Structure formats: C-alpha cells, structure tokens
Amino acid sequence: MNTKKNSAKSELKLFITILQKDIKSEIRQFNDIFSIILFGIISIFIFSSSYNTINLGVRMPIEIFVIQIWMIIFFTLIFIMIKLFVQEKEKGTLYGLTSAPVSNGVLLISKVIFCFILLSFIELILILFSFFISIPSIQALNFNGFFNYIMIGIVLPTLDLSICGTLVSALSMYSKNKSFVLPLLLFPIILPITSPIISLNIKLLEGEIISIVVIEILFLIAHAILMFSILIFVSEELLSE
Amino acid sequence: MNNSNAIFLECDKVSKQYGFFFALNKISFHLDENSILGVIGANGAGKTTLIRILSGLTSPTSGSIVIKGKNYKTDSKSIKQNIGIITNKSFLYEELTIYENLKFYSKLYSIYDKNTFKEKVEHYLEKFNLSDWIFEPISNLSTGMKQKVEIIRILIHNPSILLLDEPFSGLDFNTIKLLIKILTELREKENLTIIIATHKIEVVQEISDALLILKRGKISKFALKNEIDKSMIESYF
C-alpha cells in the first residue's frame, strides 16, 4: 500500500516537472503563442467585419458566433499540436524524456495537460475578444448560465480536444510530412464532436439548463474517455521507435 | 571481455530489423564493470542503433539485454536510472538556461536535492570551464559548450553506464583532449562503464579497453586493448 502511494507520489512529481518545463519553455518563446493569438484575433476580426458589412446593425446570432469561435479554435489546435511531440522529436529533446525513467503514461498525461493549459489560455483571449468584436445577441444568460457555459461549454470540449491533439501529435511525429499528416489525422478524430460542441455552446449561451444538454455532455465525456484510452493503450508503440 | 571483474552488461543475439533490412543482426557480447568499450564501424554499420537499443530508446526486434543483472523487458525503469546517454541530437532545451536544464534532468531522474544540487552543478561547471555561463540559455552557447553541458547532464544523475554516440563530433582538439581526460577520470574515480560509438579511431584506441567493430549490422571483430592497432582496425572496415 505504502509502495503504491510512494510510486504515485513520485509519478505526480515527474508529471509536475515535465509540465513546469513545458510551460517555462513556452513562456521563453512567447513569439509562437503571440502568433497563434494574432491568427485568432485577425480571423475573428475578418469574420465579424464581413458579417457586419452584410448585415448592417444586426447583432451576430449565437449560432454564427459559436461556429466562428470553434472553427478558429480547431485551427489553433493544429498549431499547438506541433508544440507537443512534433517539435520535441525534431529537436531531439524527446529522447531525453524517453531515455529517462519516466513512464509513458506520465509523459502523455503531462502533454495533454500542457495542451489543455495552452489551448485554454488562447481560448480565453479569443473568446473575450470575440465577445467585444462580434457582439453576439446573448440575452438570457445569468451568472449561473455563464458559469455553466465556461465549465461545460468551454472546459469540457477543450479537454477533449487536448486529448485528441496529443494523440494526433504523437501519432504523426515520426511522419516525414508532418504538416500534411497533422490536420489529416486530426479532423476525422474531432469531426464526431464538432456537432455536440456547437450544439452544447448554443444551448448554454441561450440560457438552457444543464439537463437539456446531458446528451451532448455524455457524448463528449465518452469521446474523451475513448481517445484517452487509445492514447494510453498505444503509448508504448508511440514513444518507442 | 574476460577478466576478474563481474559481467556488467550482456547483449545476447540482439537484432533490429526495419522491414527486410537488418540494422543489427544477432549481436552478442558482454562487458565488464568499470571498462571502456569503443564501438566503431563505417556509416550504417549499426553503431547508433546499438547505442539506442542499449539505452532503451529503441526496442530490439529480438534478443535480450541484461545490465547489472536486470533485463530490459522486466526492469526498464531501473536500468534507465543507471544510464547516461549522449546521441548526435542534443537533449537540451535551447530556451532554458544551463542551470534549468540540469535541474530538469536531475528531477526527471528523481535525484534532485535542493541543498546539494547547486554545489554539484557548480563543481561540474567549474571542471568544464562553464561557471560563467550557468544562467545562460543553451541557445547562446557554442557547439563545444553544448557538448560539455550534455556531458554534465548525463553525469548529474550518477549513472553507472555512459552510452556516447559520436561524443566528439563538432569539438575542437582541446575539447576532445579534455573530454578524453574526463572520461578516463570518471572510469577510474566513479567506477563507470562507458560505451563510445565513434568514427575517431585514434581516440578510441587511446582510451578503450576493448573494441567492437561493426560491419553491416554484424560484429566484425571484438578485440581487447592489447590486440588493437590502427591497421587491424582499418582492415575490418
């Protein structure tokens, strides 16, 4: 029992060490994150401007607002995926991790959480920015509704996307044509969840209660569990040549 | 190698196959504790594959490796704890400083001690004339300096075996001399077993206790120090 406890503690320490290193590295190369944020902001700006030009004075419907945001987030994920395994493999630092006494599970989970943190940070800026630029017609959203929207409409899909992103990044790191393979592998994996994510977001922004969106939530959780199981199941194959 | 020392590493019929190509073909040898083995061979002979398999970076298609009585199949974590590896690609994070990189790797090997770590790092940095660069990002260092930090990186977690793949590439004459001196010292003082894969025959000749010559994935010759001479080596290429 004690051995198990100690082992879990040391695994947790390793997980924190890898995560800290990834975050520190990322902060030192802030230009990359800045470019991704700039891409998102420009996309929102162009999308909103073109909508406003056609529909003068009409506030953006929630449906269009949600589709706009998630379309940009999906593209953002591709940029972040490069930072997970692809970049580490190209620089050679991945071998520093795989030659160390660290279990593949710890390595993969730390990458999932790193992807989640990075994606959440970018989403936060993009969503705030799009609320001001796109001015969606949200009327019936109180504090509870907004909290539900953040936790269920944003955090849950982001976690699911982070798992998918880590899986695809690990799968494609040995490919010679990574820039081609990354989106090609990612889209079939995330396509099943695009519709539930959008539907979930629309309903929550319309002020619906959680019981109305249970199906979407369950679908997202099931998808996340499935992807995470695949990730752990193939981890041995993914991280050894 | 056969002398009074205990067998430290045993490689038994290790093969690595990529499709129909054998990068290594039934390699068998054993190595004693506290010895230096030079691995040489032409390009594509299988030197890097052998180092990668011994370090656990690549799994062999068949065969077994036993290090300090432990088998990779069952004890890979504890074997990895005892291994320090340098490959032709740097394991250092360019954006982080020397200190941060070393701290990260010592934590990764679960040997980080807040009280003694800085002292340990300073000792090694002084030895390699890098004391002034401790808080400098790796990206600001020259190739030779980076290679020195790589060596400190593998020493920081007190391994019992060093696996070095082309450790002298990109280094000037003086740094190579320094590295040879340090490796010899390490073997003597810290009881390390070292395997060096390189093209630099004269260096290997100078420091190795035994030599493994690979040719197209097979052992062409396994020679002890007294049997090694340059003409003999060249005849096996």
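A residue counts as buried if 20 or more other C-beta atoms lie within 10 Å of its own, as exposed if 12 or fewer do, and as partly exposed in between, with C-beta atoms placed from the backbone. This is a predicted model, in which local features need pLDDT of at least 70, side-chain atom pairs count only at pLDDT 80 or more, and totals for chains, interfaces and linings use all residues. Residues are numbered from 1 along each chain as its sequence is written, and chains are lettered from A in the order in which they are written.

Helices here are DSSP runs (H or I, at least four residues), numbered from the N terminus. Helix 4 of chain B covers residues 114-127. Its 14 residues reach 21 Å from first C-alpha to last, close to the 20 Å expected at 1.5 Å a residue, where the expected span is 1.5 Å times one less than the number of residues.

| Class in helix 4 of chain B | Residues |
|---|---|
| Buried | B:Val121, B:Tyr124, B:Leu125 |
| Exposed, on the face turned away from the buried side | B:Asn115, B:Thr116, B:Glu119, B:His123, B:Glu126 |

The buried residues B:Val121, B:Tyr124 and B:Leu125 lie on the same side of helix 4 of chain B because they cover an arc of only 100° around the axis, taken from the directions from the helix axis to the C-beta atoms. They pack against helix 3 (98-108) and helix 5 (143-155) of chain B. Just after helix 4, B:Asn129 takes a positive phi of about 55°.

The contact between the chains (C-beta atoms, placed from the backbone, within 7 Å) takes 19 residues from chain A and 22 residues from chain B. On the chain A side, helix 1 gives the largest share, seven residues.

Notes: Helices (H or I, at least four residues) and strands (E, at least two) are DSSP runs, numbered from the N terminus. Two residues are in contact if their C-beta atoms, placed from the backbone, lie within 7 Å.
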